[in-house]
Amino acid sequence: MKKIILLAIIVLGSFSNLNAEEIKRIIVGNKDAKITIIAFESLTCSHCANFHKNVYPELKKEYLDTGLAKIEFRHFPLDIAAFNASKVAQCKNDGNADILESLYANQQKWVKGSSIEEANKNLQIFLKNEGFSIDFESCVNNKNIEDFVLNDRIEGAKNFKVNATPTIIINNEKFEKKLNYKNLKKALEKMI
């Protein structure tokens, strides 16, 4: 049922009036870096949370913080809870990854509930407890942010054949190896 609802949202979102230029992409690293990594992720995906826990810290330290690469986080929500969390992550519209990183680092604290209402309540409680000051209802009901998130998903499926998360794209080429830091580092070193 969740997949049907999400599919309906995606289809309806693809016909909406797009205003995505007004939304700032969440980017970490040198915006002018030679290497661009795109990460298509779903905030309720445990594999994505593992990427943020086990791969991203080293990637950030060796490539992003040094200016060799940048990472652009793209939304590919797999369910309604992830869709709402993506909208919340974009809500401050400052391009900052703080909310996104906190949602992945603490995924087990907010990804729970047997209905979308429960999931939303848990997400709101989590955000408040973490000290993020946002208007939750305004964020999840913002049409521009909704279009932005849905267009990330549509672009991922259409341009890069994304069908699972996380999917990593490096300089517009899909990373096909097992996603761990060792394999990612080998691919990046070839581009430096």
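Modeller: Lysine 190 sits in the segment after α10 (181-189), where helices (H or I, at least four residues) and strands (E, at least two) are DSSP runs numbered from the N terminus. The model is predicted, so local features need pLDDT of at least 70 and side-chain atom pairs count only at pLDDT 80 or more, while totals for chains, interfaces and linings use all residues. Residues are numbered from 1 along each chain as its sequence is written, and side-chain values use heavy atoms, with hydrogens and water left out.

Lysine 190 has a relative accessible area of 72% and is exposed; buried means under 20%, exposed over 50% and partly exposed in between, with a 1.4 Å probe and protein chains only. Together with Lys177, Lys182 and Lys186, Lys190 forms a positive surface patch. Such patches are made of residues with over 30% relative accessible area and no salt bridge, with like charges joined within 9 Å and nonpolar side chains (Val, Leu, Ile, Met, Phe, Trp, Tyr) within 5 Å. Lys and Arg count as positive and Asp and Glu as negative, whereas His and the chain ends are not counted.

Turning to pairs, a search of the whole structure finds 9 salt bridges, each a side-chain nitrogen of Lys or Arg within 4 Å of a carboxyl oxygen of Asp or Glu. One of them links arginine 25 and aspartate 152, with the closest N and O atoms 3.0 Å apart. Because arginine 25 lies in the loop between α1 (2-14) and β1 (26-29) and aspartate 152 in helix α9 (residues 143-160), the pair ties together parts that are 127 residues apart in sequence. Aspartate 152 is buried, at a relative accessible area of 2%.

Another salt bridge joins the side chains of lysine 60 and aspartate 65 (2.9 Å, N to O); here lysine 60 is partly exposed at 26%, and aspartate 65 is exposed at 52%.

Within helix α9, aspartate 147 and lysine 143 are 4 residues apart, and so are separated by about one helical turn. These two, aspartate 147 and lysine 143, also form a salt bridge, in which the closest N and O atoms are 3.5 Å apart. Aspartate 147 counts as buried, at 1% relative accessibility, while lysine 143, at 43%, counts as partly exposed. Elsewhere, salt bridges that share partners join Lys70, Glu72, Arg74 and Glu155 into one network.

Terms used:
Accessible areas come from the Shrake-Rupley method with a 1.4 Å probe; for residues, only the protein chains shown count as cover. The place of a charge is taken as NZ of Lys, CZ of Arg, CG of Asp or CD of Glu.
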